[in-house]
Amino acid sequence: MRIHTYEKLWLAGSFVLIVGFIVTVTYGSVGLGIDMIGEEADGVSPDEISSDERFSEPRVEQVGENEYEVYVVAMTFIFQPDPIEVPANSEVTFYVTSRDVIHGFEVPGTNINSMAIPGQVAELTVEFDEPGTYGVICNEYCGPQHHTMEGSLVVTPEWEFSQTELEVDAPESVAQGDEIDLTATVSNGLLETHESTVNVTIGSQTTEQSITVDGESSENVSVTVDSDELGPGEHDWTVSVDDQEESGTITVGNETDTTESVPASVGTETVSVTMNPADPTRASRGVGYP
Amino acid sequence: MSRSGVARTIDHDEFDPIGTLALVVLYFVVLTVMWLFTYFVEFLGHGPTVVGLLPLG
Ligand SMILES: [Cu+2]
């Protein structure tokens, strides 16, 4: 069979193109580690989500050094957790499911895009090198408010990332002359030890206490202020650590008739790290990371 | 040609459709450029990308 020279030329060209396509895709897969979205063998039916240990509490969880897992539940018309907060320079595996109908889980502008199918769990691993803020949108029509279904994904700088929870135990009122005991419980959801500073302000008195909380545990910080120093009336208090803040008001009663008003001064309160048993007369508040 | 009644017989390799060749080459060039753009600029350029559990790069 005689094949014309030009025909040989474009036959060869076609082969080069096909081989080129295969080489690029292989390079992406082997060289860059690009993968398809997988399906977890263990699905979860929508009515089991609330009792499923993975999804009952949608969250970001540290599973290793720079390794995190995010459990995402999509439902009409929100994503949980929202915002999803992960540190930069990390490898994050998302597990995505739906509580009701088919939703999408897309981070616009990136190649993160999955379906959220009720009963199934989509698994996708992504590396975040740089801090940044992304949106999350649903890209499968899921109902009348579909167009409002959005979330956010925040990649924070590594040194700013924490999973600190703060719970403050403070009395609502004390008698004049009594001591005010305020206890802040700081818990660290990360695997590593976390160092931070607790700022406590009661009335005009401010104190700072550095704490070191081991991974997956908590520490208490107690602040004691003499109510005589604050004087009668209502005093606002604020406790802050990392991005968490709690506040409230303490009423100092005026039973003992103190005519002398003592100006509040800083530095006279005692700060100690103690375990403080729960007291039913105290108001207790707490917030968690989303 | 048929009007004059003179037919010119050429050899198999004398047939030289240079215009067709140019079009095919141009088509291949366009395909290559589009593929490179789609894969390396639009796809890889819009990271983060879903990676395997053991990424090498
Ligand atoms: Cu939706």
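## Exposure and basis of the model

A residue is called buried when its relative accessible area is under 20%, exposed when that area is over 50%, and partly exposed in between, with a 1.4 Å probe and protein chains only. Glu216(A), at a relative accessible area of 61%, is therefore exposed.

This is a predicted model, in which local features need pLDDT of at least 70 and side-chain atom pairs count only at pLDDT 80 or more, whereas totals for chains, interfaces and linings use all residues. Residues are numbered from 1 along each chain as its sequence is written, chains are lettered from A and ligands numbered from 1 in the order in which they are written, and side-chain values use heavy atoms, with hydrogens and water left out.

## Domains of chain A

Chain A is divided into domain 1 (38-156), domain 2 (164-255) and domain 3 (259-288), with bounds that come from an automatic or database domain assignment. Between the C-alpha centres of domain 1 of chain A and domain 2 of chain A the distance is 35 Å.

## Salt bridges

Over all chains, the structure holds two salt bridges, each defined as a side-chain nitrogen of Lys or Arg within 4 Å of a carboxyl oxygen of Asp or Glu. One of them links Asp52(A) to Arg54(A), with 3.1 Å between the closest N and O atoms; Asp52(A) counts as buried because its relative accessibility is 14%, and Arg54(A) is likewise buried, with a relative accessible area of 14%.

In the salt bridge between Arg59(A) and Glu61(A), the N to O distance is 2.8 Å. Arg59(A) is buried at a relative accessible area of 13%, whereas Glu61(A), at 29% relative accessibility, counts as partly exposed.

## A patch of negative charge

On the surface, Glu65(A), Glu67(A), Glu158(A) and Glu192(A) gather in a patch of negative charge. Such a patch is made of residues with over 30% relative accessible area and no salt bridge, like charges being joined within 9 Å; Asp and Glu count as negative, and the place of a Glu charge is taken as CD. The accessible areas come from the Shrake-Rupley method with a 1.4 Å probe, and for residues only the protein chains shown count as cover.

Glu67(A), one of the patch residues, belongs to strand S3 (residues 67-75) of chain A, strands being DSSP runs (E, at least two residues) and helices likewise (H or I, at least four), numbered from the N terminus. Since its relative accessibility is 36%, Glu67(A) counts as partly exposed.

## Backbone features in the loops of chain A

Asn66(A) lies in the loop between strand S2 (59-64) and S3 of chain A, and its phi is near 60 degrees, a positive value in a residue other than glycine. With a relative accessible area of 28%, Asn66(A) is partly exposed. Glu216(A), in the loop between strand S16 (205-213) and strand S17 (217-226) of chain A, also is not a glycine and has a positive phi of about 50 degrees.

The peptide bond from Thr76(A) to Phe77(A) is cis, with omega near 0 degrees, and Phe77(A) is placed in the loop between S3 and strand S4 (78-80) of chain A.

## Chain B

Val25(B) lies within helix H1 (residues 18-43) of chain B and, at 43% relative accessibility, counts as partly exposed. Its C-alpha atom is separated by 17 Å from that of Leu36(B), eleven residues apart along the chain.

How values were computed:
Patches are made of residues with over 30% relative accessible area and no salt bridge: like charges are joined within 9 Å, nonpolar side chains (Val, Leu, Ile, Met, Phe, Trp, Tyr) within 5 Å.
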